[in-house]
Amino acid sequence: MRSRRDVLRSAVLGGGAGVVAATAMGSLGPEAAFAAQKTAQKVEPGAPDPDFAEGRIRSIKDNTLLVLGSNLVFHTIRVVDGTSLWKLGPVPFDAARPGDGLYARGVRMPDGMLAAESVWLNIVNIRGHIKNIAGQTLRLDHNGHEVLCHVVPGKSVAIHSESPPTADLSMLKVSQHVQILGAWRPDTNEVDIATVFSPH
Amino acid sequence: MARSKATDPPADLLGPVQGEVSWFCCGTAWGPCSSTGKGACGTCNSGSLQHAWPNTSDACWSITRPDRCGVSLSRRTCGYRHRVTALCSGASVVTAIADCGPQTDLFCGERSCCGATCADNRLIDLTPAAYSQIASLSSGLRPVEISSA
């Protein structure tokens, strides 16, 4: 049986037929794939993972993202039909913009291009104390830096320990320590909230 | 908030221990991560298979304090390897310690679940490269099993 990664690789190398095959397998969203990824780890613990990339989008051409890594290494990231993209939630490819930050996981091809399984646009996962709550915004002290977090109706949820996610964020309190997963607004100190994790 | 006596001996000496995992950025980075730095070991990078551990030194332990949540963990220093296995999917990754964290006591008693499978307390943080090997970054928090590798 071909692995999901083999299908992704053929989607890039083989063109259309591979893409159709990938789609027929169902979503290439990351969660569904992890159970099948129990092969031996190829990368030495502590070492950079060649199948992972981070940086900011410099340009977009057709289905390819040219990304400048924060370490100043360029990445060419190919998005195929089955690639899952996230930007405060699942989004189509045209939601990607030059200037967006990203993390991407996929399969590194022989020419150095990364065939993407998943691309997370502007995703941040920060912890801190709530300094202030006013209307639909929440000010977070994150390592001494203030981050202005926006509640996005229909998108933002809170998870209080093992309780199911709720759109009601009214239980959050000033001085409480929380984790906020969200989408950074590029070149600002502002974040749109996807999930607030609260221990109680 | 759940506060209880720490396990003695350290829970991870007796075998795998279950807890929560999240992810953190380090090294050169964009956005709110850009001020993070290279971590307590000076080697941390978001793109490497690394993790933060709550007991890398006395100074580290004094910040993270998992014992306040009833969990004692072994002293493990930079480069030590742990295997983290997602209880949701069974996927696992082996990573090396590159930082001190998470601040377990700030989330004491927190529980995360997938279906009926749950784990309590934040015991380890993975870099984005490592976390994305076992779960989607957008999940943010997952129950896992942690063992020495």
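The lining of the second largest pocket splits into 9 nonpolar, 12 polar and 5 charged residues (nonpolar being Ala, Val, Leu, Ile, Met, Phe, Trp, Tyr, Cys and Pro, charged being Asp, Glu, Lys and Arg, and polar the others, Gly among them). This is a predicted model, where local features need pLDDT of at least 70 and side-chain atom pairs pLDDT 80 or more, while totals for chains, interfaces and linings use all residues. Residues are numbered from 1 along each chain as written, chains are lettered from A and ligands numbered from 1 in written order, and side-chain values rest on heavy atoms, without hydrogens and water.

The second largest pocket holds about 600 Å³ of space. Its lining counts 26 residues, with Arg127(A), His142(A), Asn143(A), Gln103(B) and Asp125(B) nearest the centre. Two or more lining residues come from each of strand 6 (123-134) and strand 7 (137-142) of chain A, plus helix 2 (58-64), strand 4 (92-100) and strand 7 (122-126) of chain B. Points are joined across faces, edges and corners, and volume is the space filled by probe spheres set on them.

As for chain B, its 3 helices and 8 strands run α-β-β-α-β-β-β-β-β-α-β from the N terminus (DSSP runs numbered from the N terminus: H or I, at least four residues, for helices; E, at least two, for strands).

Conventions. On a 1 Å grid over the protein atoms alone, a cavity is a set of points where a 1.4 Å probe fits but cannot get out, and a pocket is an open set with protein on both sides within 12 Å along at least five of seven lines; lining residues have an atom within 4 Å of a point.
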